[in-house]
Amino acid sequence: MTGSATPEPAGRRPVAVLVGFMGAGKSTVGAALARLLDAPLVDTDAEIVRRAGRPIPQIFVDDGEQAFRDLEAQVVADVLATHTGVVALGGGAVTTAAVREALAGHAVVHLDITPEAGWARVRGSDRPLLRDDDGRGAEQRYRDLHAARRALYRSVTVHHVDATSGDADRLARRIVAVLDADHLEPTAGSPS
Ligand code: S3P
């Protein structure tokens, strides 16, 4: 992890929270965005590994997916409450209702990728949900999960950025542009 959830004054929020499916580039784009903003990055997967003292596939094997999701929800809540830099969430964090609720009001950016582009990036990785344990094949599992998660990303997201192509630095600049535009937009009730 490139930063840890350092306590910050209450009431401050992360500058951006990146969500998106496996392979969308949340960690690499998050690192580029953190560099650009000169802000620390917390990757919640890395924080989970640090707290559990085990890699994610091992947590799934030892404790099961639900235990992983519970730990993930706790880590996300802690990070959102304490970190003012960039946050990159694991791709499945939004499957937990408490995480979706905790994201309300945050500057959530969805890195959107096509299943084709995402699969090309993650094939052969050791992600536990892509194990071919039901005979359908890892690629089909990836495509099914991609389709099933889409509505969840949309439900928590303020901004969508097409991350199918483009390097991490270019995507980071795009995110800064959409976040800046947000701040420039007059809020309801402000003088016109
Ligand atoms: C998961 C995505 C992974 C990791 C875990 C579960 C998911 O993170 O949190 O393997 O359910 O989509 P990445 O999105 O960083 O691959």
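Modeller: A residue is called buried when its relative accessible area is under 20%, exposed when that area is over 50%, and partly exposed in between. Please keep in mind throughout that this is a predicted model.

Biologist: With that definition in hand, what percentage of the residues in the protein chain is buried?

Modeller: The protein chain has 192 residues, and its secondary structure comes to 8 helices and 5 strands. Taking the cut-off of under 20% relative accessible area, the buried share of the chain is 43%.

Biologist: Which residues lie nearest the centre of the largest pocket?

Modeller: The largest pocket has a volume of about 480 Å³, and helices α1, α2, α3, α4 and α6 (115-122) each supply at least two residues of its lining. The lining holds 29 residues in total, and those nearest the centre of the pocket are M22, D45, I56, G91 and R127.

Biologist: Which residues of the UniProt "binding site" feature belong to the lining of that pocket?

Modeller: The UniProt record, an unreviewed entry, places the feature "binding site" at G23, A24, G25, K26, S27, T28 and R127. From this set, the residues found in the lining of the largest pocket are G23, A24, G25, K26, S27 and R127.

Biologist: Is A24 buried or exposed?

Modeller: A24 lies in the loop between β1 (16-19) and α1 (26-37). Leaving aside neighbours within four places in sequence, A24 is in contact with L111, I113, R121 and A163. Because its relative accessibility is 1%, where the cut-off is under 20%, A24 counts as buried.

Biologist: How far from the side chain of K26 is the backbone oxygen of F21?

Modeller: K26 lies in helix α1 and is buried, with a relative accessible area of 9%. Not counting residues up to four places away in sequence, K26 touches a set of residues that includes F21, along with L18, V19, G20, A88 and L111 among others. Between the backbone oxygen of F21 and a polar atom of the K26 side chain, the distance in the model is 3.1 Å.

Biologist: What is the relative accessible area of S27?

Modeller: S27 has its place in helix α1, and UniProt, in an unreviewed entry, gives a "binding site" feature at S27. Apart from neighbours within four places in sequence, S27 is in contact with L41, D43 and A88. S27 is classed as partly exposed, because its value falls between the cut-offs of 20% and 50%, and that relative accessible area is 38%.

Biologist: Why do the buried residues of α3 count as being on the same side of that helix?

Modeller: In helix α3 (residues 56-63), the residues I56, I59 and F60 are buried, and the buried residues of α3 pack against α2 (44-52) and α4 (65-82).

Biologist: How far apart in space are Q66 and T96?

Modeller: Q66 is found in helix α4 and is exposed, with a relative accessible area of 55%. T96, by contrast, lies in the loop between β3 (86-88) and α5 (97-102) and counts as buried at 18% relative accessibility. Although 30 residues separate Q66 and T96 in sequence, their C-alpha to C-alpha distance is 9.8 Å.

Biologist: Finally, which elements give two or more residues to the lining of the largest cavity?

Modeller: The count comes to 1 cavity of 30 Å³ or more, and the largest cavity has a volume of about 50 Å³. Its lining is made up of F21, H110, L111, D112, I113, H146, R150 and Y153. The elements that contribute two or more residues to this lining are β4 (108-112) and α7 (138-156).

Methods: Residues numbered from 1 in each chain as written. Predicted model: local features only at pLDDT ≥ 70, side-chain atom pairs only at ≥ 80, totals over all residues. Heavy atoms only, no water. UniProt positions renumbered as here; feature names shortened; annotations may be inferred. 1 Å grid on protein atoms, 1.4 Å probe; cavity = no way out; pocket = protein on both sides within 12 Å on 5 of 7 lines; lining within 4 Å. Helix = DSSP H or I, 4+ residues; strand = E, 2+ residues; numbered from the N terminus. Buried < 20%, exposed > 50% of the residue type's maximum accessible area, 1.4 Å probe, protein only. Contact = heavy atoms within 4.5 Å. Polar contact = N/O pair within 3.5 Å; in protein donor to acceptor, adjacent residues only side chain to side chain. Points joined across faces, edges and corners; volume = space filled by probe spheres on them.
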